[in-house]
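Let's take a friendly walk through the packing in this model. Have a look at the sequence and structure first.

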Amino acid sequence: MDTADLLQLSQWLSPAFPVSSYAYSHGLEAEIVEGRVRDGAGLAQWVAAVLSVGAGRNDAILMLAARRGEEDLAVLSDLALALAGSRERVAETTAQGRALAETLAALGIGDGVARPYPVVLGSAVRGLALDDATVCALYLQSFAASLVSAAVRFVPLGQAQGQLVLAQLHATIADVADDACAAGLAGIGTGVFGADLAAMAHETLEVRIFRT
């Protein structure tokens, strides 16, 4: 494992990298409004489900497929959009993907073409001397941390409680990373219909803090 490459990936997945991850809740805001997520335990359960059988796992598989060159990037992009179960989820992955592609291009990395976020990231990490499991785990932790941060601000939860939730998710993150590495595109699929419905419900909230 190359330390310089590990630092580079950590930079790309950092909240400071300008993809505006702080502005998206992945439908979690609607769950909080409806009172279905109201404490750390509920948050941990919700995020774990999204990681294990929702967009977390699917996007990890897509990212790895792009990294491995298993399919043309245009085909993977179409699949990523087809798997986004609501208008806001499409907006989330395309907007963040566009921002990631543009910023990486400014750093001399990639072609700058706007694609769904996991496809852009997977293409960018092709040249990094890191194993798939490490790349996948760091990506999933970044995804989970973004959701936890949204809950810390809106439930609200204390910062320490938010970090405790994220720490409790480490085992899930490692398991999903291993699963995604082995699954391949043939194993892609989702089972968190409640999260998809929450993302749809978010579109009609009268007052919203987050874009999704």
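## Helix α11 and its partners

The buried residues of α11 pack against α2 (28–33), α3 (40–53) and α6 (87–106); buried means under 20% relative accessible area, exposed over 50% (1.4 Å probe, protein chains only). Helices are DSSP runs of H or I with at least four residues, numbered from the N terminus. This is a predicted model: local features need pLDDT of at least 70, side-chain atom pairs count only at pLDDT 80 or more, and totals for chains, interfaces and linings use all residues. Residues are numbered from 1 along each chain as its sequence is written, and side-chain values use heavy atoms, with hydrogens and water left out.

In α11 (residues 193–202), Ala-195, Ala-198, Ala-199 and His-202 are the buried residues. They sit on the same side of α11 because they cover an arc of only 100° around the axis, taken from the directions from the helix axis to the C-beta atoms. Exposed Phe-193 and Leu-197 are on the face turned away from the buried side.

## His-26 in its loop

His-26 lies in the loop between α1 (3–13) and α2. Its relative accessibility is 5%, so His-26 counts as buried.

Beyond its neighbours within four places in sequence, His-26 is in contact (heavy atoms within 4.5 Å) with residues including Trp-46, Val-50, Phe-143 and Leu-147.

Technical notes: Helix = DSSP H or I, 4+ residues; strand = E, 2+ residues; numbered from the N terminus.
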